[in-house]
Amino acid sequence: MRLETVSVIGGGAWGTALAQAAAMAGRGVTLVVRQAGTAEAINAARSNETALPGQTLLPAITASSDFAEADIVILAVPAQATRTLLSGLDATLLAGRPVVLSAKGLETGTLARQSEILADMVPEALPYVLSGPSFAADVAAGRPTAVTLAGDDADATSALATALAGPSFRPYAADDRIGVEIAGALKNVYALACGAVEGADLGASARAALIARAYAEMARMVTAMGGSAHTLTGLAGLGDLTLTCTSVQSRNYQFGMALGAGGSRQDILASGAKLAEGVATAPVAAALARSLGVEAPLIDAVDAVVAGQADIATIVAGLMSRPLKREH
Ligand SMILES: NC(=O)C1=CN([C@@H]2O[C@H](COP(=O)(O)OP(=O)(O)OC[C@H]3O[C@@H](n4cnc5c(N)ncnc54)[C@H](OP(=O)(O)O)[C@@H]3O)[C@@H](O)[C@H]2O)C=CC1
Ligand SMILES: O=C(CO)COP(=O)(O)O
């Protein structure tokens, strides 16, 4: 299969960074944005100053407001926008092509993973999931980054990983799409919790305990969904959980800090908070856990705090007074 050209759909921080990574890999790239004026501004400045300031885009990238036919399509819009985006695209341009899903979230209402949305909307597309510890600013600046790229066919996934790999961007091929998608969505929920630990000044010990118990909870969720807990030992699991749950640079962590300091979801959003996917995913993950019969006290705790149903002190007291049990 020809893997020379790439269309990245979504002109935010991540779409811009993935366009840069694909250009570094030697691909010809179209960065598809919503507004013609935005495309013109990016092409003129050779930079997407609104979404990813201070990064000069490589010459192989052209921004456009039209979806161009390409060998590889990468979707990089927020998880809740993926269905709307796909409903507006010409499905014939996606049929038989690798479509790389890079959003980290579960869909409100349907509880769907990103690749389930793609299967609903364009069943003829070839689904791949890209996830792992990778801040857009790091990827775009050419700092060393490694991610997981999961697809159904091992040879085709390796070929796609090779087509997207560059000197500073290293995709590892994998086959567990479910595990990778659930890990990517849930780490944002746990990052909210870890940010709240910092915002409420509960200490580094509490944060480390939270990360370890989040990993165990994530493993229960992945297994119940039909994925492999082994996937969580990799970049999309441990890697991204570590990054997002310990970095003030993470938008989910920042949102959690504001919650931990006593802010309400509404007030934090009104203050202009950046996209924090865990906010939409927390109630979806809680509903998913209930439907699967999985015990998920941390997801439930984040869901309750985000919904304004409980304060941090009550949540912490509740978690610390759960019946003692064996660790494994
Ligand atoms: N930023 C990061 O470091 C990383 C982000 N991700 C994931 O990537 C996804 C996107 O995040 P990110 O780019 O950072 O978010 P941003 O908020 O920076 O950008 C989101 C972009 O999506 C566009 N968009 C929203 N809805 C639509 C739509 N219906 N059709 C077309 N475009 C649309 C917006 O367009 P407009 O500007 O016109 O509103 C905006 O450019 C998230 O799921 C995130 O978790 C994954 C790894 C790293
Ligand atoms: O997914 C990310 C890094 O891997 C980005 O995290 P935030 O969306 O929390 O900034």
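Colleague: Which residues does UniProt list for the "Glycerol-3-phosphate dehydrogenase NAD-dependent N-terminal" domain?

Modeller: The UniProt record, an unreviewed entry, gives residues 6-155 for that domain. Keep in mind that we are looking at a predicted model.

Colleague: What about the radius of gyration, and why does it agree or disagree with a compact globule?

Modeller: The protein has 19 Å, which agrees, because a compact globule with 328 residues would have a radius of gyration near 20 Å. Along the principal axes, the C-alpha atoms fill a box of roughly 55 × 40 × 35 Å.

Colleague: How much of the protein counts as buried?

Modeller: 52% of the 328 residues do. As for contacts with a separation of 6 or more, 73% of them are between residues 24 or more positions apart.

Colleague: Okay, domains. Where are they divided?

Modeller: Domain 1 covers 5-175 and domain 2 covers 181-320. Their C-alpha centres lie 25 Å apart. Each side of the contact is made of 22 residues: 22 residues from domain 1 and 22 residues from domain 2.

Colleague: Which elements give two or more residues to the domain 1 side of that contact?

Modeller: Those are α4 (114-121), β6 (126-131), β7 (145-151) and β8 (169-174). The largest share comes from β7, with three residues. By class, the domain 1 side that touches domain 2 has 11 nonpolar, eight polar and three charged residues.

Colleague: Switching to the ligands. Which residues come nearest to ligand 1?

Modeller: Gly12, Trp14, Ala81, Ala103 and Ala136 come nearest, out of 24 residues around ligand 1. Two elements give two or more residues to this shell, α1 (13-24) and α3 (82-87). Helix α1 gives the most, with three residues.

Colleague: What classes do the residues of that shell divide into?

Modeller: The shell around ligand 1 has 13 nonpolar, eight polar and three charged residues.

Colleague: And where does ligand 2 lie relative to the two domains?

Modeller: Ligand 2 lies between them, because domain 1 (5-175) and domain 2 (181-320) both give residues to its shell. There are 13 residues around ligand 2, and Ser134, Asp240, Ser250, Arg251 and Asn252 come nearest. Helices α7 (177-199), α9 (235-246) and α10 (251-260) each supply at least two residues of the shell. Of the elements, α9 gives the most, with three residues.

Colleague: How does the shell around ligand 2 split by class?

Modeller: That one has four nonpolar, five polar and four charged residues.

Colleague: Which residues does the UniProt "binding site" annotation cover?

Modeller: The unreviewed entry covers Trp14, Arg34, Lys104, Ala136, Arg251, Leu275 and Glu277. They are spread over 264 residues of sequence, and also in space, up to 22.6 Å between C-alpha atoms.

Colleague: Let's take Arg251 from that list. Is it buried or exposed?

Modeller: Arg251 counts as buried, because 21 C-beta neighbours lie inside 10 Å and the cut-off is 20 or more. Arg251 lies in helix α10. Leaving aside neighbours within four places in sequence, Arg251 is in contact with Lys274, Leu275 and Ala276.

Colleague: Then Glu277. Which helix is that in, and what does it touch?

Modeller: Glu277 lies in helix α12, residues 277-292. Not counting residues up to four places away in sequence, Glu277 touches Pro78, Ala79, Lys104, Gly105, Asn188 and Asn252. Glu277 is buried too, with 24 other C-beta atoms within 10 Å.

Colleague: One more residue, Cys194. Where does it lie, and what does it touch?

Modeller: Cys194 lies in helix α7. With residues up to four places away in sequence not counted, Cys194 touches Arg207, Leu210, Ile211, Cys245, Tyr253 and Gly256. Cys194 is buried, as there are 28 other C-beta atoms within 10 Å.

Colleague: How far is Cys194 from Ala51?

Modeller: Their C-alpha atoms are separated by 25 Å, and along the chain the two are 143 residues apart.

Note on methods:
Residues are numbered from 1 along each chain as its sequence is written. Chains are lettered from A and ligands numbered from 1 in the order in which they are written. This is a predicted model: local features need pLDDT of at least 70, side-chain atom pairs count only at pLDDT 80 or more; totals for chains, interfaces and linings use all residues. The radius of gyration is taken over C-alpha atoms; the globule rule is 2.2 Å times the number of residues to the power 0.38. A residue is buried if 20 or more other C-beta atoms lie within 10 Å of its own, exposed if 12 or fewer, and partly exposed in between; C-beta atoms are placed from the backbone. Two residues are in contact if their C-beta atoms, placed from the backbone, lie within 7 Å. UniProt positions are given in the numbering used here, feature names are shortened, and annotations may be inferred rather than shown by experiment. Domain bounds come from an automatic or database domain assignment. Helices (H or I, at least four residues) and strands (E, at least two) are DSSP runs, numbered from the N terminus. Ala, Val, Leu, Ile, Met, Phe, Trp, Tyr, Cys and Pro count as nonpolar, Asp, Glu, Lys and Arg as charged, and the others, Gly among them, as polar. A residue is near a molecule or strand if its C-beta atom, placed from the backbone, lies within 6 Å of it.
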